[in-house]
Amino acid sequence: MTIGAPNHNPQPDLTLRLGTRGSMLARAQSGWVARQIEARNPGVRVELVIISTSGDQITDKPLHAFGGKGLFTKELEQALLAGSVDFAVHSFKDVPVTMPLVDIAELVIAAVPPREDPTDAWASLKSKSFRDLPAGAKVGTGSLRRRSQILHHRPDLLVEPIRGNIDTRLRKLREGQYDAVVLATAGLKRGGVMDETWMTPIDTADMLPAPGQGALALQCRQDAEVTRRILGSMHDVATAACVELEREIVRQLEGDCHSPIAALATINGDRVLLRSAVGGRDGIPPVAFALSEAPVNEASSAVVAVMNDLQKQGARQRLLA
Ligand SMILES: NCc1[nH]cc(CCC(=O)O)c1CC(=O)O
């Protein structure tokens, strides 16, 4: 630097408004994204704007019971379209697989950050796994995917609905309303509440996660070039590819984010492993399981193989019947 020259930033100062849900998890995820973006883009500040969604407002019913797509994403998308925020952070597993919908063609997922741990976690004060609970013990989860996989291993357990954000679920567990609850490991870790003395990630051989679990989607308006370039600094190609494969399974089964469908793609070197587990309607066991491995550049052949195998086991019919 020339002595006496003004010491200015290479980029003009810019503030991006990040629309986020108000839950502990949403704020933690958005805070993480905000800090990452600021670190990667000197001169850029990210400011959090809290937006309440219908999924947050209705807390007394299981999600699949009042259904509808995008319960946690719709109000954020409206704020993006209205221009009151510049981008939004979604948990990828809450983003409808049919997105972009026709009416929100103006929006785009501009980046997929590196994935956090995709597993589910077993939280319990009295057991380390579903294997350790006595018959009749009560497990809290409203997810049909988790329900079908737990009952597949342990048809003698009682799986009962539980709603509320992570703090509420953990409180209900501590109060003894449940013997165990199942939560996404990523949410516990990002929220800073993972306590390894009574929370244990469940091996993916025992329970496969929801498509997109542990991954985030950064969404903005299609025409917002500067925002798109800045968000692009967060993009992780491998995560985006894996999540796309997982979501393709749901699309081909004509399911949605409330279906008892699990899928996980993992990349090892130049190969991708795709695994999927599908329960029956209402989360009824048994669970159909399929896996396939392929070179990363022929990943769609793994989807074809997994779908064929699931179809042989009648997965689509069992989702509807
Ligand atoms: N459906 C709610 C939801 N959406 C995303 C997460 C966790 C974070 C993630 O999976 O990325 C959770 C809570 C949970 O399943 O425990």
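1. "Lies across" rests on contact, meaning heavy atoms within 4.5 Å. The angle is taken between N-to-C directions on a scale from 0 to 180 degrees, using axes that are lines fitted to C-alpha atoms, for helices over the stretch in contact. The names H and S are DSSP runs numbered from the N terminus: helices are H or I with at least four residues, strands are E with at least two.

2. A quick word on what you are looking at. This is a predicted model, where local features need pLDDT of at least 70 and side-chain atom pairs count only at pLDDT 80 or more, while totals for chains, interfaces and linings use all residues. Residues are numbered from 1 along each chain as its sequence is written, and side-chain values use heavy atoms, with hydrogens and water left out.

3. Now the overall picture. The chain has eleven helices and 13 strands. Of its 321 residues, 52% are buried (buried is under 20% relative accessible area, exposed is over 50%, and partly exposed is in between, with a 1.4 Å probe and protein chains only). If you take contacts between residues at least 6 apart in sequence, 69% of them join residues at least 24 apart.

4. Nine bridges link S12 and S13, and Arg275 sits opposite Leu291 of S13.

5. How do H9 and H10 meet? Their axes come within 10 Å and cross at roughly 40 degrees. That makes the two helices oblique (under 35 degrees is roughly parallel, over 145 roughly antiparallel, 65 to 115 roughly perpendicular, and the rest oblique). The residues in contact are Leu245, Glu248, Ile249 and Gln252 on H9, with Val303, Val306, Met307 and Leu310 on H10.

6. Strands S1 (residues 14–20) and S2 (residues 44–50) run parallel and are joined by seven bridges. Between them the chain passes through helix H1 (residues 24–40), giving a right-handed β-α-β crossover. Right-handed means that, with the strands pointing away from you, the path from the first strand over the helix to the second runs clockwise. Thr20 has Ile50 of S2 as its bridge partner.

7. Finally, some backbone details to check. The peptide bond from Pro285 to Pro286 is cis, with omega near 0 degrees, and Pro286 belongs to strand S13 (residues 284–295). Asp282 is not a glycine, yet its phi is positive, near 65 degrees; this residue is in the loop between S12 (271–280) and S13, and is partly exposed at 44% relative accessible area. Glu254 also has a positive phi, about 55 degrees. Its loop runs between H9 (237–252) and S11 (261–268), and at 64% relative accessibility Glu254 counts as exposed.

Conventions
Pairing = 2+ DSSP bridges.
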